[in-house]
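Subject: A structure for you to look at

Hello,

Here is the structure I promised to pass on. Please open it alongside this note, and you can follow each point as you read.

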Amino acid sequence: MIAQKSLDMKTIADGKTTVGEKIDTETVLGCNVCGSDRIQKIDSDFNFCRCDSCGYVFDSPRPSFAEISAFYSQAGKYDVWLKEERERDMLWKRRLRKLLRCGPKGYLLDVGTGYGQFLHHARPFFAEVTGTEVSESAVALAKEKYGLSLLAGQVEALDLPPQSFDTITLFHVLEHVPDPDKLVNVCHALLREHGILVIAVPNDVLAWTSKIKKLGKQLGLKSFQKFSPQLGIPRAGTSREIHLSHFTPAVLRRLLKGCGLQVMEESLDPYYASTGIRLLLDSVYSALHRLLYAALKINRYDTIWMVARKP
């Protein structure tokens with residue numbers, strides 16, 4: 001449920017603030033998880049809203065899809081990822097090992113695959129791999145680097161045959177899309193019976209790191225000024241990413257169940273891409289949170305990993 005688009009004074013740049021730039025924005029009128037119109041503005045300065053019915057936190061007003069596509073299609077957008085290729089190879093192999101324990105390994109669809117690094121590693125383990133991507137530069141890079149012919153555009157608009165895939169992955173994609181409910185329903189339709197949907201998203205509403213950023217902003221510390229004093233999250237478009245949704249495990253479970261999927265696994269996404277002492281620290285931090293989750297089912301880590309099966 002989206003209002004008419006408008007031109008508004010916002011900031012959207014690759015890690016920098018562009019003052020006074022007009023971009024295309026839209027206003028969300030209802031919850032894109034449960035459909036409720038009981039929407040509360042929780043931080044007007046940062047455009048954060050929350051659904052009073054299900055707790056879903058989202059941005060409104062927010063950049064339009066055209067702005068998001070243009071943002072991720074910028075020349076050089078993936079330069080940082082390419083510089084971190086070895087670290088990201090390790091990241092994708094961690095996720096792949098976790099994924100391969102989940103279920104069917106026939107036909108794989110990776111939605112929002114970037115330049116295809118995950119598909120490159122997954123290809124030997126699946127009968128066929130397919131990827132979708134809205135970034136024109138990423139589609140070209142996937143072809144050049146890995147010989148992958150990605151499907152350009154939103155999966156919702158690609159008219160793929162129903163029940164075509166055994167596994168669908170959404171690795172840090174759901175937080176970027178305008179309508180999470182629509183995307184998950186499309187994935188449900190594309191899955192074969194007993195197929196699985198694997199989702200990884202930030203846990204930025206509940207994570208300890210967000211609590212620290214929130215406190216830093218409230219204390220007026222200079223390095224924390226780009227974060228919301230209510231949530232500890234930056235405004236969309238003022239960092240290297242544009243996130244429109246901010247999930248909690250409870251909201252993500254509700255979304256999946258509402259789309260007819262059965263949640264079969266919930267844990268933490270091993271999302272870090274680092275080396276040396278930083279890799280050691282990231283690994284220890286992740287392990288401590290895994291222990292916390294195993295003991296108390298409490299997730300205060302930076303990410304959520306959830307697997308759901310189509311009945």
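How many bridges join strand 10 to strand 11 (residues 191-202), and in which sense do the two run? Six bridges join them, and the two strands run parallel. Two strands count as paired if DSSP finds at least two bridges between them, while helices (H or I, at least four residues) and strands (E, at least two) are DSSP runs numbered from the N terminus.

A word on the background: this is a predicted model, where local features need pLDDT of at least 70 and side-chain atom pairs count only at pLDDT 80 or more, while totals for chains, interfaces and linings use all residues. Residues are numbered from 1 along each chain as its sequence is written, and side-chain values use heavy atoms, with hydrogens and water left out.

Back to strand 10. Within this pairing, Thr167 stands opposite Ile196 in strand 11. Strand 10 also pairs with strand 7 (residues 107-111) in the parallel sense, over three bridges, and there Leu109 faces Ile168. Strand 10 (residues 165-171) is mostly covered, with seven of its seven residues buried; buried means under 20% relative accessible area, exposed over 50% and partly exposed in between (1.4 Å probe, protein chains only).

There is also an open sheet of four strands in the order 3-4-5-12, with antiparallel pairing. Its edge strands are strand 3 (39-43) and strand 12 (245-246), each pairing on one side only. Strand 4 (residues 48-51) is joined to strand 5 (residues 57-59) by three bridges, and Arg50 stands opposite Val57.

Now the aromatics. The whole structure holds 15 aromatic pairs, meaning rings of Phe, Tyr and Trp (its six-membered ring) with centres within 6.5 Å; planes under 30 degrees apart count as stacked, over 60 as edge-to-face and the rest as tilted. One of them is the tilted pair of Trp92 and Phe118, at 5.3 Å centre to centre and 40° between the planes. This pair links helix 3 (residues 85-100) to helix 4 (residues 117-122), with the two residues 26 apart in the chain. Trp92 counts as buried because its relative accessible area is 10%, and Phe118 is buried because its value is 1%.

Tyr115 and Tyr146 are stacked, at 6.2 Å and 10°.

Enjoy looking around!

Best wishes
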